[in-house]
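Work through the exercises below with the coordinates open. Each task is followed by a stepwise solution.

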Amino acid sequence: MKNGENKRLHIQMIENIINRMSSNSFLIKGWSLTILGGLITVYLANINKPMSYLILLLCLFFCLIFWISDTFYLREERCFRSLYEIVRKKDEENVDFSMNPIKSKETFLRCMFRPIFLMSYLPIFIIIIIAIIIKFIH
């Protein structure tokens, strides 16, 4: 193919994956707000019942699951962005349509503590931990 058509198609394939990763991350954030908000509402409605702390533990579990899932998609997105940069710099004749993401230099834990996650998941996590501690004290 002429005029960089292979390169354009390869970049477009990578862009589609990056868009899918960011859409998944957005959906996870929406589901986390919905589920955690619902569980906290159920907890507040049953706050005086003896086993209400189990609802808080469930909140803590879901908060961690959503946080880890969101981190996974962000890290994968970054790996594909690295692949995008490599393909972007390639010559047309070197385009091989490889879709193997480039391993990110950013560790999973470092990605987990990026500012966006610290502003969204960490406050919820801390509030749930404090509520569990208060529940066990009383």
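**Exercise 1. Is glutamate 77 buried or exposed, and which residue does glutamate 77 pair with in a salt bridge?**

Step 1. Glutamate 77 has 10% relative accessibility, so it counts as buried. The cut-offs: buried is under 20% relative accessible area, exposed is over 50%, and partly exposed is in between, with a 1.4 Å probe and protein chains only.

Step 2. The model is predicted: local features need pLDDT of at least 70, side-chain atom pairs count only at pLDDT 80 or more, and totals for chains, interfaces and linings use all residues. Residues are numbered from 1 along each chain as its sequence is written, and side-chain values use heavy atoms, with hydrogens and water left out.

Step 3. The partner is arginine 81, with the closest N and O atoms 2.8 Å apart. A salt bridge here is a side-chain nitrogen of Lys or Arg within 4 Å of a carboxyl oxygen of Asp or Glu.

Step 4. Both residues sit in helix α2, four residues apart, about one turn of the helix. Helices are DSSP runs of H or I with at least four residues, strands are runs of E with at least two, and both are numbered from the N terminus.

Step 5. Arginine 81 is partly exposed, at 44% relative accessibility.

**Exercise 2. Describe the salt bridge between glutamate 85 and arginine 88.**

Step 1. Take the distance. The side chains meet at 2.7 Å, N to O.

Step 2. Glutamate 85 and arginine 88 both belong to helix α2, three residues apart, about one turn of the helix.

Step 3. Check accessibility. Glutamate 85 is partly exposed at 33%. Arginine 88 is partly exposed as well, at 39%.

**Exercise 3. How are α1 and α2 oriented to each other?**

Step 1. The axes come within 9 Å and cross at roughly 170°. Axes are lines fitted to C-alpha atoms, for helices over the stretch in contact, and angles run from 0 to 180 degrees between N-to-C directions.

Step 2. The helices are therefore roughly antiparallel. Angles over 145 degrees count as roughly antiparallel, under 35 as roughly parallel, 65 to 115 as roughly perpendicular, and the rest as oblique.

Step 3. Residues of the contact of α1 with α2 divide into 25 nonpolar, six polar and nine charged. Nonpolar covers Ala, Val, Leu, Ile, Met, Phe, Trp, Tyr, Cys and Pro; charged covers Asp, Glu, Lys and Arg; the others, Gly among them, are polar.

**Exercise 4. Trace the surroundings of glutamate 106.**

Step 1. Glutamate 106 is in the loop between α2 and α3. Its relative accessibility is 9%, so it is buried.

Step 2. Arg78, Glu106 and Arg114 are linked in a network of salt bridges.

Step 3. A polar contact of 3.1 Å joins the side chains of glutamate 106 and arginine 114. Such a contact is a pair of N or O atoms within 3.5 Å; within protein, one must be able to donate a hydrogen and the other to accept it, and residues adjacent in sequence count only if both atoms are side-chain atoms.

Step 4. Not counting residues up to four places away in sequence, glutamate 106 touches Arg75, Arg78, Cys111 and Arg114. Contact means heavy atoms within 4.5 Å.

**Exercise 5. Which residues is leucine 60 in contact with, leaving aside its neighbours within four places in sequence?**

Step 1. Leucine 60 lies in helix α2. The residue is buried, at 15% relative accessible area.

Step 2. The contacts are Phe125, Ile128, Ile129 and Ile132.
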